[in-house]
Amino acid sequence: MARAKAEAPEEIPGAVLEGRGRKSREHDNGASGVTVTRETYWAEAGTRLMEEIVSRANMHKAYNRVVSNKGAAGVDNMSTGQLKGHLQTDWPRIKEELLNGTYHPQPVRKVEIPKPGGGTRMLGIPTVLDRLIQQAVHQELGPLFEPGFSASSYGFRPGKSAHQAVQAARKAVSDGLRWVVDIDLAKFFDRVNHDILMSRVAKKVKDKRVLHLIRSYLQAGLFEGGIISPRQEGTPQGGPLSPLLSNILLDELDKELEKRGHTFCRYADDCNTYVRTRRSAERVMISITNFLETRLKLTVNQDKSAVDRPWKRIFLGYGMTNHRIPKLKIGAKAQKRIKSKIREISRKGRGRNLKRVIEEITPILRGWSNYFKLSEVKKPFEELDEWIRRKLRCILWRQWKRPFARVKKLMQRGISEARAWRSALNKRGPWWNSGASHMNQAFDISYFTKLELLSLITQFHRFQS
């Protein structure tokens, strides 16, 4: 089969944007539809894996995925919209270099973004061409490694999700495992040991060209401020291949935990292990920390790692109550983050129509509520609804500026003239007035409902039904 593909006429990715190769359904998410037969096939075709990677069906699938994802340009400033034209002229040369094992990736563009808990997270943005090649590699490597991954690994895998990880964590606590070993890996993606990672990849990948290409991506320079710095460790987030490589490395941790008979939930580098007693938890913390630092050469963040009760920790944004069968709830940090986003938009909204502000925050609120749809505690939804309405009233109060304008607007909303004047001249600040009775009466829930403001408590009840 591999030979037949290798001898097929050369095709250029992007030349046909639609069309279904015979492998399209099987590889849709990089690892779905995997069977024992498929794994056996790969064992036989392992030395010709590069031919599979550059095959017509695989490259078209990768092209469509990269273009649909869009994303920022890399160091060459090429956009996804320009990729097709580039491939139409240069793909034969690029394909030949990949098959010959002489292709060299371009440096990645360094970008730092703020982390929710403080500090920054480094991203390495590959060029759009390198994202295409990485996606093509991912689509072929995924089915090769996926069957061996642990059922307790939930991150960046087809058919797995953060919601499943959170539900598994709750089940563990419901089953009486009421102590958690919460291990935080310090800057995991920045500190992956290349040699250890490549040795794990080489256990299943026998094509030396593919191994060379993966290592080239790991060692691609980091471009910042006009200077290219070499990389000796790490697999920066930003490319399609990085999540799979992280799972390949941390699968060894999963296997170690399974060998010891532990119940655990891992989502990328977030790993919680659940045990019955504090003594057991402390023992697991010591032994697993030693395993990670000696076997995988990773660093455990002692300040953020802890042995504690599950209801005192946050896992993937969710907390839980201390009931025998715990209820899931929204973590405090997640509430602070969504408020921070709303504040940023509201600052820009002081000179804009309120309807436009609501249109801007609605997708954020919808995505946030959909992620926390497993929450069974309604209070955060109610409080956040109230806070958002108050924030919007604050925008209105600021926009009116002068007392006469405030009186006029309040009277238009049914407030008596005398009360409107008292409110406009009370010398209180915008935030106080936005929470006062005159603004609550004038701009009640029905007013914001007409403006199509998404109600989080309505979303909560819909998720519970």
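Biologist: How many helices and strands does the protein chain have?

Modeller: The protein chain has 20 helices and 10 strands. Helices (H or I, at least four residues) and strands (E, at least two) are DSSP runs, numbered from the N terminus. Keep in mind that this is a predicted model, where local features need pLDDT of at least 70, side-chain atom pairs count only at pLDDT 80 or more, and totals for chains, interfaces and linings use all residues. Residues are numbered from 1 along each chain as its sequence is written, and side-chain values use heavy atoms, with hydrogens and water left out.

Biologist: Let's take a sheet. What is the order of the strands in the open sheet of 4 strands?

Modeller: The general idea is that strands of a sheet pair through backbone hydrogen bonds, either parallel or antiparallel. Here two strands count as paired if DSSP finds at least two bridges between them. The open sheet runs β2-β1-β4-β5, with mixed pairing. β2 (120-125) and β5 (227-229) have a single partner strand each, so one side of each is left without a neighbour in the sheet. On average, neighbouring strands of this sheet are turned by 40° against each other, direction ignored; the axes behind such angles are lines fitted to C-alpha atoms, for helices over the stretch in contact, and angles run from 0 to 180 degrees between N-to-C directions.

Biologist: Which residues are the partners of R109?

Modeller: R109 has I125 as its bridge partner in β2, and it stands opposite F223 in β4. Strand β1 (residues 108-114) is joined to β2 by 6 bridges, and the two run antiparallel. With β4 (residues 222-224), β1 pairs in the parallel sense over 2 bridges.

Biologist: What does V205 touch?

Modeller: Not counting residues up to four places away in sequence, V205 touches L49, L141, L144, F145, V210 and L211. Contact means heavy atoms within 4.5 Å.

Biologist: And what share of the 465 residues is buried?

Modeller: Buried residues make up 49% of the 465 in the protein chain.

Biologist: Last topic, phi. Is L316 buried or exposed, and what about K401, buried or exposed?

Modeller: Most residues other than glycine have a negative phi, and most peptide bonds are trans. L316 has a positive phi, near 55°, and is found in the loop between β8 (306-308) and β9 (318-320). At 15% relative accessibility, L316 counts as buried. K401 also has a positive phi, of about 65°, in the loop between α14 (379-400) and α15 (403-412). K401 is exposed, with a relative accessible area of 63%.

Notes. Buried means under 20% relative accessible area, exposed over 50%, partly exposed in between (1.4 Å probe, protein chains only).
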